[in-house]
Amino acid sequence: MRAIRNLIALTFWLVTAEACAQDNSPRTQPYASIDRAAINYSGPDREASRDLGGPEIKIGLIAPLQGARKLEGDALVAAAQMAIEDESASPLADGQHLALVARDETGLWGRASSEIVKLVVEDRAVALVTSSDGRAAHLSEQVGNRLGVPVVTLATDATTTQINIPWLFRIVANDAVQAREFAENIYRGRAFRRVLLISESDHDGRAGAEEFEKAAQRLRAPAPMRIAIALPLEDTVPIMNKIRVLEPQALVLWTSAVTATHLLEGISGARGEIYLCRKALEEPFLSVARGKRNIWTVAPAVASAGSERAAFIDRFRARTGSAPSLAAAEVYDAVRLIAQGLRQSGPNRARLRDALATRTEYHGVSGIIAFDGAGNNRAEVSLVQLQ
Amino acid sequence: MKRLLFIVILLVTATVLAAEKPPLITRWENFTTANGIPDDKVFCLAVDGPRVWAGTEDGLVLIENGKVARVYGTGDGLVHRVVMGIAVDKRNGDLWIGTFGGLSQFSGGQFKNYTNLTSGLLNDIIYGVAVQDYWVWVATTAGISRLDTSTGEWRNWSEFNAPFHEPWSYGIAPAPEIGKVYFAVWGGGMIEYDIATDTMKPYTDPDEEMELVLFRNQGLVHIIVSNVAFNPDTKMTWGSTYFGLTGYDGRNWHNYLTKDSGLASDFINAPKSRGNEVWACTDKGLSFLDYKTNTWVTYRRNKQNGHGEIEITWPDQKKTTLEAPTSLAHNYILNMEFQGKDIWVATAKGLSHGIREPQMEAQLYGNAKLDRRSTRGRQGEGAKVSKDGFPKSGQRPAGSQ
């Protein structure tokens with residue numbers, strides 16, 4: 001009996017010792033990782049013979065100009081045009097002036113890609129600005145990578161800057177940053193346990209939801225419950241029923257503004273906090289969410305030039321009849337950032353890329369923009385309550 | 001007896017070491033807008049016997065007898081000016097041209113065009129095209145299309161009917177020797193199509209992390225695959241990524257990064273392979289791997305003097321640098337093709353014809369007084385060459401400027 005006790009004790013000691021040894025062992029280092037600081041364009045085309053000629057230097061905008069997101073697209077065009085007009089006060093070198101050319105990103109089967117190619121080849125845009133749509137950002141990046149065109153994007157898909165490509169610049173917080181902020185607040189700040197993640201089945205929904213699940217995993221939190229919505233959204237009743245049954249303390253929405261609007265209308269009166277991805281911060285969601293105090297999102301640190309921001313809001317409202325969304329402010333900043341880069345680089349895509357890559361800090365109406373070597377905006381963001 | 005044994009060992013070793021010397025491209029002939037190609041940015045190539053076709057940002061060009069024979073643009077009937085892929089149908093000489101505005105078939109001196117609106121083509125933005133018997137495979141930004149030229153029937157694969165994590169297809173490599181076709185997919189890894197079973201199987205990045213590689217030979221090195229090539233001799237499939245080179249032998253994966261190989265850069269636009277040769281078209285030069293000996297050769301243009309730099313990385317990672325009088329048109333390499341022992345290289349600043357010259361090769365190796373035993377013994381000093389690659393005596397290879 002004593003022998004058995006000793007054996008059990010020895011086994012326990014061995015197992016404990018083994019566990020301790022494992023705890024003390026160094027963590028496995030990955031074989032390789034991308035050095036963000038080393039990302040660079042080593043190709044040609046910086047010479048003057050590759051400069052874009054003509055009286056107009058065009059900035060291309062790829063945005064939703066039809067369909068359910070038309071309001072968003074119209075606001076982006078209006079904001080971009082405001083930026084062009086503001087920059088026109090002082091012409092570029094050689095008397096060239098800036099112009100905006102906008103093309104539609106909607107349509108099935110990657111039709112946006114043809115519009116992107118037209119912007120680059122036919123319109124000869126010096127740079128592209130893309131909306132919050134992650135697919136459009138990827139398609140632009142693929143074309144830009146082959147033809148050598150800088151792309152400034154509002155899309156939050158983190159993967160566009162995780163691939164060693166030197167042409168893409170993101171001026172918004174990516175999905176990974178948003179997911180981290182949400183998860184910190186949900187699991188650490190509030191110690192919620194019943195968390196429901198609702199995402200769309202499209203590219204952006206999948207990518208965002210995966211980032212949130214990774215963020216939860218890093219905090220060693222239980223995996224969130226998850227509902228993936230097939231698009232187009234036809235019947236919200238089964239989803240509402242699930243939400244009522246599950247009674248989540250936190251509802252994380254990685255959807256478009258249209259889907260988020262349907263969900264918010266369907267669950268009005270329900271308790272719990274709502275965490276909203278950046279892409280959904282558009283009309284019609286903003287109107288429906290007005291007055292609610294339980295909606296959280298991630299926003300950039302506000303730049304010091306508060307008066308410029310206020311002036312932008314007033315002018316945008318006077319021009320369009322409605323207040324600008326955060327995306328409208330961001331596209332305004334994107335165009336002005338490109339314009340300032342052009343003043344440094346001249347009308348040349350490769351040199352403009354260099355100018356954007358080496359830009360230290362830009363204080364825009366949407367916040368501070370400061371790119372790291374991979375094109376991520378490394379400016380601070382924080383979780384904010386939607387008001 | 002001991003002395004005799006020593007001499008035999010020495011001779012055998014010397015023979016083996018001599019055999020390790022990789023073959024070299026010693027002369028480059030370049031084509032730019034200055035000598036007739038329509039645009040300096042060359043995306044793709046196809047070799048049809050003595051004829052070389054090149055796709056540029058502004059049309060299609062035919063090289064014959066060492067000069068530009070003809071340029072084709074949209075005015076001639078080409079569907080779009082930006083040419084991203086070319087394939088030759090060896091059965092009838094037809095040319096299939098993938099562009100940023102659809103697919104063109106060049107047959108009997110006439111272009112016939114296929115677009116998304118006029119045919120079953122999935123999307124007009126094409127990154128690659130390949131011919132396999134009577135099938136024409138097309139890599140589009142919305143997935144894979146296949147035209148059966150015997151029936152005129154189109155068939156498409158995308159995320160809606162096949163295991164594509166993302167549909168953005170960048171390259172195609174038929175592998176008829178093993179009954180497969182491989183696709184390079186941006187965000188979707190490498191996809192294997194089995195002809196007999198008519199099924200597709202994806203190979204993705206097993207660590208599921210975009211910015212790191214967890215283990216060296218973990219599987220596909222990165223989920224964004226920029227192009228793919230099949231080696232009919234070794235039956236290996238090679239994929240290029242912007243995070244290294246990846247090879248698949250049907251069972252194991254073999255990954256190469258700059259950190260422990262002779263690769264010029266981890267940013268690779270395309271691979272090519274035959275025999276023991278594996279080539280990587282990078283943004284910082286053209287790299288060659290002798291897969292059998294694990295010896296690397298990287299070709300670069302010296303930006304200061306325009307000469308060719310040949311960097312040999314031996315299996316023990318020591319390097320020898322030689323200098324040739326001519327060089328690639330540019331170090332940003334987009335694609336390449338074989339033509340006998342020669343190679344053709346598409347760069348972002350011109351088209352390059354790489355030529356092997358055994359005499360020049362011997363001279364370069366001879367001038368460098370290459371001695372692998374001394375190289376091993378004296379790290380840094382290498383093969384007794386100066387920084388510019390020439391012997392310290394100052395003797396330069398014939399023909400150098």
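Student: What makes β19(B) and β20(B) a pair, then?

Tutor: The cut-off is at least two bridges, and β19(B) and β20 (residues 236–241) of chain B have six, running antiparallel. Val225(B), for instance, sits across from Thr241(B) in β20(B). Four residues lie between the strands of this hairpin, and Lys235(B) has a positive phi near 65° there.

Student: Why is β19(B) called largely enclosed?

Tutor: A residue is buried if 20 or more other C-beta atoms lie within 10 Å of its own. Seven of the seven residues of β19(B) are buried, so the rest of the structure largely encloses the strand.

Student: What makes β19(B) an edge strand?

Tutor: β19 (225–231) of chain B pairs on one side only, and β22 (253–256) of chain B does likewise. They belong to an open antiparallel sheet of four strands, ordered β19-β20-β21-β22 in chain B. On average, neighbouring strands of this sheet are turned by 20° against each other, direction ignored.

Student: How do you know that β21(B) pairs with β22(B)?

Tutor: Again at least two bridges are needed, and four join β21 (residues 244–248) of chain B to β22(B), with the strands antiparallel. Tyr248(B) is opposite Trp253(B) in β22(B).

Student: Which strands make up the other open sheet, β14 to β17 of chain B, and in what order?

Tutor: The order is β14-β15-β16-β17, with antiparallel pairing. Its edges are β14 (169–175) and β17 (199–203) of chain B, each pairing on one side only. The twist averages 20° from one strand to the next. Inside it, β15 (residues 180–185) and β16 (residues 189–194) of chain B share six bridges, and Phe183(B) faces Ile191(B) in β16(B).

Student: What makes β1(A) and β18(B) a pair across the two chains?

Tutor: The cut-off is at least two bridges. β1 (residues 32–33) of chain A and β18 (residues 212–213) of chain B have two, in the antiparallel sense; the pair meets the definition. Ser33(A) has Leu212(B) as its bridge partner in β18(B).

Student: How many residues does each chain bring to the contact?

Tutor: Chain B brings 33 residues and chain A brings 23. On the chain B side that touches chain A, 19 are nonpolar, five polar and nine charged.

Student: Which residues touch the most other members of the largest nonpolar core?

Tutor: The core has 218 residues, and those touching the most other members are Ala79(A), Leu253(A), Val331(A), Tyr332(A), Val129(B), Phe183(B) and Met336(B). Helix α11 (residues 326–345) of chain A gives the largest share, twelve residues. Take Val129(B): leaving out residues up to four places away in sequence, its contacts include Trp96(B), Leu103(B), Trp137(B) and Ile172(B).

Student: Why is Glu181(A) called buried?

Tutor: The threshold is 20 or more other C-beta atoms within 10 Å. Glu181(A) has 21, so it is buried. Glu181(A) sits in helix α5 (residues 175–189) of chain A. Beyond four places in sequence, Glu181(A) contacts Val298(A), Val381(A) and Leu383(A).

Student: What makes α12(A) mostly covered?

Tutor: Of the ten residues in α12 (residues 349–358) of chain A, eight are buried. Among them are Arg349(A), Arg351(A) and Arg353(A), as well as Leu352(A) and Leu356(A). The buried residues of α12(A) pack against β4 (127–130), β6 (168–170) and α11 of chain A.

Student: And chain A as a whole: what share is buried?

Tutor: Buried residues are 50% of its 387 residues. Chain A has twelve helices and 14 strands, and its C-alpha trace spans about 95 × 50 × 45 Å along the principal axes.

Student: Where does pLDDT stay under 50 in chain A?

Tutor: Over residues 1–25 of chain A, where the model has zero contacts beyond four places in sequence. Where pLDDT is low, the predicted coordinates should not be read in detail. Chain A still averages a pLDDT of 88, with 91% of its residues scoring at least 70.

Key
Residues numbered from 1 in each chain as written. Chains lettered and ligands numbered in written order. Predicted model: local features only at pLDDT ≥ 70, side-chain atom pairs only at ≥ 80, totals over all residues. Axes fitted to C-alpha atoms, helices over the stretch in contact; angles between N-to-C directions. Core = buried A, V, L, I, M, F, W, Y, C linked by C-beta atoms within 7 Å. Buried ≥ 20, exposed ≤ 12 C-beta atoms within 10 Å, placed from the backbone. Contact = placed C-beta atoms within 7 Å. Nonpolar A, V, L, I, M, F, W, Y, C, P; charged D, E, K, R; others polar. pLDDT = per-residue confidence, 0-100.
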